[in-house]
Amino acid sequence: MKARVKVALIGFGNVGRHVALELSKLGATIVSASSSRGSLVGADPGSIVELARRGGRLHEHPSLEEDLDPVEAAVKAGAEVAMITIPPSYETGEPNRSIYYRLIDEGISIVTADKTVLAMWFRETMSRARSMGVYIGYRATVAAGIPAIDMAKGLRGRDVDEIEAVLNSTTNYLITLVKGGMDYQSAVRKAIEDQLAEPDPRVDTHGLDPAAKLAILASTLGYEARLEQVEREPLDKVLEDPEQVDRLRSGEPLRYIAYAEPKRGVYRVEPRWLPETSPLAGVTGIYNGILARLEGEQVLLTGPVGPAWRTAKVMITDLLDYMEARVG
Ligand SMILES: NC(=O)c1ccc[n+]([C@@H]2O[C@H](COP(=O)([O-])OP(=O)(O)OC[C@H]3O[C@@H](n4cnc5c(N)ncnc54)[C@H](OP(=O)(O)O)[C@@H]3O)[C@@H](O)[C@H]2O)c1
């Protein structure tokens, strides 16, 4: 069955290429595609999918219009949804915020894997979208692979006292490598080689990535939470300290925890030694885990997150929600 939806792809990297493949399975139409180098409008969608299948870059496509802006391309192509897979921009939030706001102002809905804009300006973005009747799907921004956003939506209005979560697989991987005998710098090099860490691993090890996810989770729960409010303690200082490394190698569970007491406005990312009985002590490797404490009980969600192909599948679940909610 062909899904009648016109999609603009904004970003054509690891995740964007998999989104193109998933869209072709769904029978959706890719009407434009953009990378940092320019955009395609009106190209044969099959040629874009073929490029994705062989892991090509968008600028290899012969019809790429250099410097054609992604929003202009989406508007020109008559896209109704933009699927955004551009890198985060934690310093200024740009060009990400402008891309989102211009899409919204044009009445184009958004499905995104990029955390920047929602971590920094959740309320503003959502109210702008509401005023334009535009949908924003963002399941892929937090623990892409497990329904973390659905969990937060389902707990809205409940009496959530604390969130304790493992939201970053790269740091979990580093902890595992150091525990296994590797020194910290070699572990970081290996994580970059294995494409698990960003070229600048501090996005993970200094907590920006889990802090952004925590801000989005708390905002989804209904609290005013911005990335800048999240206190961050780096993981490196623990993994570079010989005494702490001995403690880790003796078997004590260490996790890089994203912690919130949303009612008190407390948001922190920090290395934490867990009791062995903690459900988060079992969250290792590519698994993430979210433990919500509410009403004297605990709700736990855990499962595998990433890599790019799974993230793309998660974005399709948002697209299906958009299609279901759409009138006409
Ligand atoms: N990898 C995962 O499993 C995962 C999971 C959850 C969320 N995410 C998030 O998903 C996003 C994409 O990740 P990725 O691994 O696919 O990144 P990536 O491989 O680096 O791809 C990024 C793509 O965005 C394009 N781009 C950069 N700036 C742009 C701009 N201003 N306008 C249009 N296109 C632009 C790049 O263009 P060029 O091709 O010209 O470089 C590239 O095609 C990131 O925000 C990441 O944090 C990823």
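Predicted model: local features only at pLDDT ≥ 70, side-chain atom pairs only at ≥ 80, totals over all residues.
Biologist: Which residues come nearest to the ligand, and how many are around it?

Modeller: There are 27 residues around the ligand, and those that come nearest are G11, G13, V15, S35 and A113.

Biologist: How does the shell split by class?

Modeller: The shell around the ligand is made up of 14 nonpolar, 10 polar and 3 charged residues.

Biologist: Let's stay with α1, then. At what angle does α1 pack with α13?

Modeller: The angle between α1 and α13 is about 50 degrees, and their axes are 8 Å apart. At that angle, α1 counts as oblique to α13, and the crossing in which α1 passes α13 is right-handed.

Biologist: Which residues meet there?

Modeller: On the α1 side they are N14, V15, H18, V19, E22 and L26, and on the α13 side they are A308, W309, T311, A312, K313, M315 and I316. Sorted by class, this contact of α1 with α13 has 8 nonpolar, 3 polar and 2 charged residues. V15 is also among the residues that come nearest to the ligand.

Biologist: And α2, at what angle does that pack with α1?

Modeller: Helix α2 (residues 45–53) and α1 pack at an angle of about 130 degrees, with their axes 8 Å apart, which makes α1 oblique to α2. Here α1 passes α2 in a left-handed crossing, whereas the crossing of α1 with α13 is right-handed.

Biologist: Which residues of α1 and α2 meet?

Modeller: R17, A20, L21 and S24 in α1 meet I48, V49, A52 and R53 in α2. By class, that contact has 5 nonpolar, 1 polar and 2 charged residues.

Biologist: Switching to the sheets. In what order do the strands of the open sheet of 7 strands run?

Modeller: The order in that open sheet is β4-β3-β2-β1-β5-β6-β7, and the pairing is mixed. The edges are held by β4 (65–66) and β7 (136–137), each with a single partner strand, so one side of each is left without a neighbour in the sheet. The helix we have been discussing, α1, packs on this sheet and touches β1 (6–10), β2 and β5, with a direction that makes about 165 degrees with that of β1.

Biologist: Which strands of that sheet does a hairpin join?

Modeller: A hairpin joins β2 to β3 through 2 residues. These two strands run antiparallel, with 4 bridges between β2 and strand β3 (residues 38–41), and S35 stands opposite G38 in β3. S35 is also one of the residues that come nearest to the ligand.

Biologist: How many bridges join β3 to β4?

Modeller: There are 2 bridges from β3 to β4, and these strands also run antiparallel; the bridge partner of S39 in β4 is E65.

Biologist: Are β5 and β6 parallel or antiparallel?

Modeller: Strand β5 (residues 81–84) and strand β6 (residues 109–112) pair in the parallel sense, over 4 bridges, and the partner of A82 in β6 is I110.

Biologist: What's the order in the sheet of 6 strands?

Modeller: That open sheet has the order β9-β11-β10-β8-β12-β13, again with mixed pairing. Its edges are β9 (231–232) and β13, and each has a single partner strand, so one side of each lacks a neighbour in the sheet. Within it, strand β8 (residues 160–166) is joined to strand β10 (residues 254–261) by 3 bridges, with the two running antiparallel, and A165 stands opposite A258 in β10.

Biologist: Last topic, the backbone. Where is a peptide bond cis?

Modeller: A cis peptide bond joins E94 and P95, with omega about 5 degrees, and P95 is in the loop between β5 and α4 (96–105). The bond from G306 to P307 is also cis, with omega near -10 degrees, and P307 is in the loop between β13 (297–304) and α13.

Biologist: And what is the phi of A143?

Modeller: A143, which is not a glycine, has a positive phi of about 50 degrees, and it lies in the loop between β7 and α6 (148–154). For background, most residues other than glycine have a negative phi, and most peptide bonds are trans.

Methods
Residues numbered from 1 in each chain as written. Near = placed C-beta within 6 Å. Nonpolar A, V, L, I, M, F, W, Y, C, P; charged D, E, K, R; others polar. Axes fitted to C-alpha atoms, helices over the stretch in contact; angles between N-to-C directions. Parallel < 35°, antiparallel > 145°, perpendicular 65-115°, else oblique. Left-handed = near helix turned anticlockwise from the far one by under 90°. Contact = placed C-beta atoms within 7 Å. Pairing = 2+ DSSP bridges.
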